[in-house]
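Colleague: I would like to go through this model feature by feature. Please give the general idea each time, then the case at hand.

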Amino acid sequence: MSEGPPRRRVVLTLGTAGLAAGGLGLLAALARSVVPDVLYEAPRRFPIGRPEDYPPNSVTLLPERRLFVFRTAEGFHAISAICTHLGCNVNHEEGHGFVCPCHGSTYDEDGDVTNGPAAWPLPRYAMSLSRRGELVVDTRRTVDPDFRLRA
Amino acid sequence: MAVAALTPAGKGQGHRRAGLARRIPARLLRTFAVLSVVLLAVAVAAVVQEWRAEWRQWQSRFAEGETAVHGGDGDTEQGIQQIWLPDLDRVDRCTSCHLGIASPEMKDAPQPFRGHSGPWLDSHRPDRFGCTACHGGQGEATTYRDAAHQPLPFWSEPMASRELMEARCGTCHQERNPPSTYWLARGRALMTDRNCVACHEIPGRDSEEVRAPRLDGLALKVSPAWLRGWLADPRGYLERSRMGDFRLRPEEIEALAAFLLQPHGVVEADEVDWTGADPERGGEIFRASRCVTCHSVNGRGGTLAPELAHVGAKVGRDWLYSWIRDPHRLQPDTLMPRFRFDDDQVRDLAAYIAEDLAEPKGLDANQADPDPDLAAEGRRIFERRGCYSCHELEGFPVRARIGPKLAGEGDRIVDPAPLVARGIEPTRPNWLFTKVSGPERVLETARMPTFGFAEDEAAAVSVALLSLRAQDVPPGRITRDPDRPPYEPQGEFGALVRRYRCLSCHQIAGTGGTLSTVVLDRIGSQLRRDYIEQFIQNPIAVRVGLAERMPHLNITAEEAALLAGYLSTVMVDDAVEAEVPRDAAAVARGKELFDRHGCQACHIVGDSGGFVGPDLNGSGQRLQPGWTVAWLLDPERWKPGTLQPDHGLTREEAEALTAYTLSLPARKAQVLP
Amino acid sequence: MSEPTRGRIHRAWRRIYRSVFRIGWPRTRQQRLAAMLSSLALHVHPTRVRVHVLRFSSTLGLGLVAFYLFLILIVTGLALMLYYVPHPDAAYRSMKDIQFAVTFGMFLRNTHRWAAHGMVAVVFLHMCRVFFTGSYKRPREFNWVVGVLLLLLTLALSFTGYLLPWDQLAFWAITVGTSIVAYFPLVGEPARYLLLGGHEIGQAALLRFYVLHCVILPLLMASLIALHFWRVVKDGGLAAPPGRMRRAPAWPHLLFRELLILVFVLVLVHAAALAFDAPLEQIADAARTPNPAKAPWYFLGLQELVHYGAILGGVVVPTAMIIALLVLPYVDRRGGGVGVWFARERRRANTVFALLAVVVVVLTVIGTFFRGPNWDWVWPWLR
Amino acid sequence: MTVLFAVALAAGCQRTPEVPPVDAVQEAFRDGELSARESHGRRVFAERCATCHGAEGRGDGQNAYNLDPPPPDFQESLDALSPEDRRRVIEGGTAALGRSALCPPWGRSLDELEVEALLAYLVVTSRPSGDEEETGPGRRRWRRPR
């Protein structure tokens with residue numbers, strides 16, 4: 001027992017610190033493992049067919065993708081069909097915009113809220129044209145209301 | 001002593017902070033400190049290990065510069081990439097490292113960033129097909145080793161070589177061979193040729209069965225000595241024998257021959273009067289009828305029918321007479337047409353073949369009564385080896401299928417022992433290869449015969465077998481023609497087609513042989529009716545260089561008119577126009593185009609030109625103009641792999657060329673006497 | 001911030017803190033005793049322990065190591081449950097996901113696997129320790145019985161977990177294992193039927209093993225562990241030889257040593273997880289038996305016995321051993337030698353037990369390393 | 001000592017020097033020394049080119065007699081053409097280089113892979129025949145996937 005208490009305290013502190021850091025590291029690893037890295041879901045960037053599949057001046061609902069595809073004189077744009085209030089599917093009424101059947105939220109043709117409990121406009125997703133000439137929607141990226149894809 | 005430090009501790013209040021440190025023995029404190037630091041090190045090591053995962057390193061390298069060098073868009077996603085194909089039950093994470101795979105501009109980048117070569121991704125979109133469905137390997141893996149780029153323990157599907165990948169094409173492409181597969185197509189053709197479906201059930205190939213000669217009345221046909229020799233070594237008699245070597249022991253051969261030479265079935269021999277037989281005239285008939293289109297003599301000639309040089313050792317002239325007179329009576333399934341010969345012609349021909357052509361070897365006297373015990377033993381061998389799978393014989397079922405079903409053959413886990421013993425890597429392809437090369441090499445008591453495949457042939461068959469996988473391919477993924485019944489020609493036309501066995505060489509609606517390059521489906525749009533009628537009666541070769549020429553069947557004028565009428569009215573393609581404008585200006589322009597494109601390099605016009613394509617003199621009497629235009633515009637459409645190049649002509653150019661070609665006069669010597 | 005406000009916040013914080021930790025960080029001996037009693041986690045400890053049992057050499061800390069391993073198994077097991085799918089079509093794929101596409105997934109699985117194997121070994125060693133120190137004697141007879149049940153539960157937990165990866169190793173180990181079960185006369189077949197939920201190892205068996213492994217057995221285990229610990233205290237603490245009654249406060253002497261062992265276990269298990277990957281063979285294939293098909297290693301002694309005689313090795317010997325272990329404390333009633341390693345008074349009992357333990361170990365080693373295809377004898381170094 | 005020696009001997013006998021196992025099917029795929037792409041090219045060549053150029057590219061095909069200028073012997077002439085020009089001839093015919101129209105354009109009949117394969121095989125045909133030491137730096141040996 002040659003060491004005095006101060007030396008021992010250093011050793012103890014070192015041990016405690018090492019344990020705390022190591023333990024926290026292991027816990028962090030555990031916590032990170034809970035975050036999924038791959039998803040068994042439909043991809044969020046997906047092709048939706050060729051431009052000529054959509055008649056001019058039309059609104060097409062893709063029910064599986066919960067998405068409205070607009071083709072206007074200016075080009076293509078895509079608006080989500082998921083009500084921003086509580087996630088029901090909205091219906092499109094020609095000339096009146098979108099109506100949510102669940103809680104009565106209404107949106108105009110651009111997806112902006114006109115009435116009801118919804119707080120945010122319907123998201124408008126980025127669209128592009130693939131090398132193969134297919135329309136591609138990317139639901140991870142939203143775009144301005146005036147976005148139009150010329151194809 | 002650890003406990004010694006306990007007692008003096010904790011008396012006063014003055015050492016609050018130092019309390020713990022003072023009470024616990026220093027040795028334990030030190031151990032604690034060391035262990036804690038080691039724990040921290042372990043935790044750090046775990047994080048570093050994860051952080052330095054291969055795919056992360058590749059992704060950062062890709063982001064850093066590979067794209068800048070090779071011109072990719074660099075807009076890649078972070079994290080493990082996954083292509084999930086629920087219907088194939090596959091998850092492919094290959095794109096986590098192969099980041100440039102879909103970018104053509106990355107074609108020359110080093111791996112793993114290289115863009116995919118070839119046109120395949122256009123037809124097989126990665127998001128719909130993934131990677132491992134074609135390439136093999138472990139799609140779930142995120143390291144080079146675990147992805148099974150090289151064989152990996154506990155993973156049965158290492159990445160396939162270029163050749164073995166063709167097997168994976170065949171899993172979905174079940175009916176037709178996809179373009180740019182060579183081994184698969186060859187393997188499938190070999191499997192059809194060796195009649196694998198006779199013994200094995202093969203998905204999608206059931207209709208391909210070929211019948212081998214019927215064995216009823218064999219005693220009247222062949223000599224016992226020949227039969228024994230044949231059973232011992234089929235390839236010794238006929239090099240390209242479709243029948244395999246059953247590796248029979250001499251006593252088995254004796255027994256089987258005794259059984260086969262028993263009188264089976266009701267076969268009556270024709271009574272022939274051989275006086276006045278003229279082999280010389282028979283030889284003339286033999287040549288004029290072009291028997292060598294199908295038969296070979298001393299290895300020269302067609303491969304569709306048996307070699308005739310040694311046939312004298314096998315059959316007698318009496319049987320030959322019966323055979324030539326009406327082959328269909330003896331072998332209802334034979335490919336041989338019933339030529340329209342009179343009895344004298346048949347006699348002379350038989351005499352020529354049996355005496356002049358083949359070395360005349362007298363047939364052994366038929367054994368009157370083969371030993372019944374021996375014959376019974378032979379019967380057992382006949383049954384056990386499934387001979388009746390291919391050969392019909394009275395009293396036996398038509399189809400045996402004694403072999404195992406081949407569905408799932410490509411997936412089967414194999415016994416490595418025989419391969420290891422031979423110093424061969426015990427992989428599934430190698431096992432199949434060894435088995436196909438010689439079944440006794442993997443199982444000494446195998447019933448399957450040795451088909452005498454050359455090495456590359458065995459490899460091709462292995463590829464075809466590997467394509468047969470146990471896991472069901474989702475129906476939407478299979479490219480299989482709708483089950484189409486074989487074409488059955490009807491009525492009078494049908495009777496003639498059967499008599500003359502047109503479908504032994506020609507194809508109609510996908511049914512028939514491939515010896516002739518002339519597909520009959522659209523022959524009416526292609527050729528003029530009067531030409532067809534004339535050609536059938538007196539076939540002349542349009543392509544001088546071609547060895548196979550249509551045999552001279554002695555078809556009568558009435559029959560020819562009927563056939564030509566049917567072909568010209570029914571066998572037409574509506575997409576082909578009937579007539580195209582042909583004026584003098586077009587002819588002149590056509591001549592110019594003809595010279596510019598060097599057509600004469602392959603076609604004869606006048607007295608000069610190549611023998612590669614058909615002689616074009618007098619083609620106006622032969623070809624329909626609409627067809628000629630359609631052909632020139634897109635030859636590959638009508639005949640894939642043709643030697644006619646696609647010059648990329650405009651319609652106007654094709655019409656002009658047609659006008660010129662069809663205006664060429666016939667040569668005088670063109671019609672054979 | 002004004003002084004009064006700060007004071008108010010400080011007092012409020014103190015109130016909350018005190019509501020959770022009644023005693024706070026103990027400074028005095030009194031407080032330390034009170035802390036031990038008032039904390040849920042600590043109150044299973046006595047406030048003061050005999051100095052003898054604090055010595056590492058008297059217990060080797062084996063029981064505690066087993067407990068820590070159990071905790072590690074619970075934590076890692078819960079994380080693995082988030083990704084594991086107990087269905088034959090998906091189980092193997094989900095193992096691959098854990099291996100390749102879950103951050104730290106492989107590390108987690110390795111930790112779980114090595115902790116599980118370690119626990120089987122440690123529990124067995126713990127039992128040996130208890131026997132060789134005579135710690136099962138009155139009044140601790142019943143706790144020995146609980147301990148034997150815990151050993152069986154540990155084996156059952158490890159065995160049920162073995163099937164879950166649904167690879168060849170798992171499938172055939174469980175096939176062999178459950179076949180040994182079926183040897184038991186009368187009850188064997190029905191027990192196997194119940195265990196597998198059918199006649200063969202398939203969807204039902206996988207689900208049953210999953211529920212047993214993740215819910216039923218851990219709950220039983222936790223309950224019995226609680227009982228085991230509680231009885232340790234109620235039976236007068238860990239066994240120690242009579243006479244030397246010197247005691248020391250559990251805080252900090254016992255607690256620090258417990259912490260030390262915890263760090264030691266954490267280091268060992270996680271280092272093993274870093275260094276060695278848990279095996280995952282080909283997907284389970286009922287049509288293809290590996291040669292040899294082996295049970296999990298801790299049953300290979302049993303499999304080796306079954307090799308000599310199915311009924312004798314599979315039924316008589318194991319049943320006799322379990323019964324012997326259960327009744328042992330009630331049969332061996334002679335006093336003396338408690339708390340002392342290999343006490344002279346207990347030489348005969350210790351020799352017999354040691355012999356049996358050696359037989360078990362030797363059989364297991366033979367089954368694990370010296371048995372090749374067709375259960376033929378092989379020399380592992382010549383392989 | 002003797003025992004040790006015996007044990008060592010026994011161990012030595014068990015481990016016979018191992019010959020690496022042969023990947024038999026891959027060996028069988030090999031067309032001589034040709035790579036997969038080269039043998040693909042050889043097949044395309046046999047189908048489309050050999051009639052004039054001859055099976056080995058010696059300019060001795062059965063239709064060669066008929067051609068003026070005659071098809072060249074690749075062994076002598078191929079090096080004069082850059083890889084880009086070879087591709088241009090295959091796809092657009094000799095006319096693409098402003099020469100005769102005798103070698104027709106195959107660009108519309110062959111797909112990209114077949115052209116690549118042909119180009120690879122052309123290099124093989126231009127190699128001097130009978131030269132055994134031909135595995136120089138320019139020669140890519142067929143690598144067996146292992």
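Modeller: Take burial to begin with: Q168(C) has a relative accessible area of 4% and is therefore buried (buried means under 20% relative accessible area, exposed over 50%, partly exposed in between, with a 1.4 Å probe and protein chains only). As for conventions, this is a predicted model, in which local features need pLDDT of at least 70 and side-chain atom pairs count only at pLDDT 80 or more, while totals for chains, interfaces and linings use all residues. Residues are numbered from 1 along each chain as its sequence is written, chains are lettered from A and ligands numbered from 1 in the order in which they are written, and side-chain values use heavy atoms, with hydrogens and water left out.

Colleague: Which residues is Q168(C) in contact with, leaving aside its neighbours within four places in sequence?

Modeller: Contact means heavy atoms within 4.5 Å. On that basis Q168(C) is in contact with E281(C), Q282(C), I283(C), A284(C), D285(C), R288(C) and P290(C).

Colleague: In which helix does Q168(C) lie?

Modeller: Helices are DSSP runs of H or I with at least four residues, strands are runs of E with at least two, and both are numbered from the N terminus. Q168(C) belongs to helix α9 of chain C.

Colleague: What span should α9(C) have, and what do its end C-alpha atoms give?

Modeller: The expected span is 1.5 Å times one less than the number of residues. For the 14 residues of α9(C), 168-181, that should be 20 Å, and the end C-alpha atoms are 20 Å apart, which agrees.

Colleague: How many residues of α9(C) are buried?

Modeller: An α-helix has 3.6 residues a turn, so residues three or four places apart point the same way. In α9(C), eleven of the 14 residues are buried, and the helix is mostly covered. Among them are F171(C), W172(C), I174(C) and V176(C). The buried residues pack against α8, α10, α11, α13 and α14 of chain C.

Colleague: At what angle do α8(C) and α9(C) cross?

Modeller: Axes are lines fitted to C-alpha atoms, for helices over the stretch in contact, and angles run from 0 to 180 degrees between N-to-C directions. The axes of α8(C) and α9(C) come within 7 Å and cross at roughly 135°. That makes α8(C) oblique to α9(C) (under 35 degrees counts as roughly parallel, over 145 as roughly antiparallel, 65 to 115 as roughly perpendicular, and the rest as oblique). On the α8(C) side, F159(C), Y162(C) and L163(C) meet residues of α9(C), including L169(C), F171(C) and I174(C). The residues of this contact divide into eight nonpolar, two polar and no charged (Ala, Val, Leu, Ile, Met, Phe, Trp, Tyr, Cys and Pro count as nonpolar, Asp, Glu, Lys and Arg as charged, and the others, Gly among them, as polar).

Colleague: Where is A118(A) placed?

Modeller: A118(A) is in the loop between β8 and β9 of chain A. With a relative accessible area of 8%, A118(A) is buried. Not counting residues up to four places away in sequence, A118(A) touches T84(A), H85(A), S105(A), Y107(A) and V113(A).

Colleague: Which chains share the most contacts?

Modeller: Chains B and D do, of the five pairs in contact. Chain A and chain D do not touch, and their nearest C-alpha atoms are 18 Å apart.

Colleague: What is the secondary structure of chain D?

Modeller: Chain D has seven helices and zero strands. Of its 146 residues, 42% count as buried.
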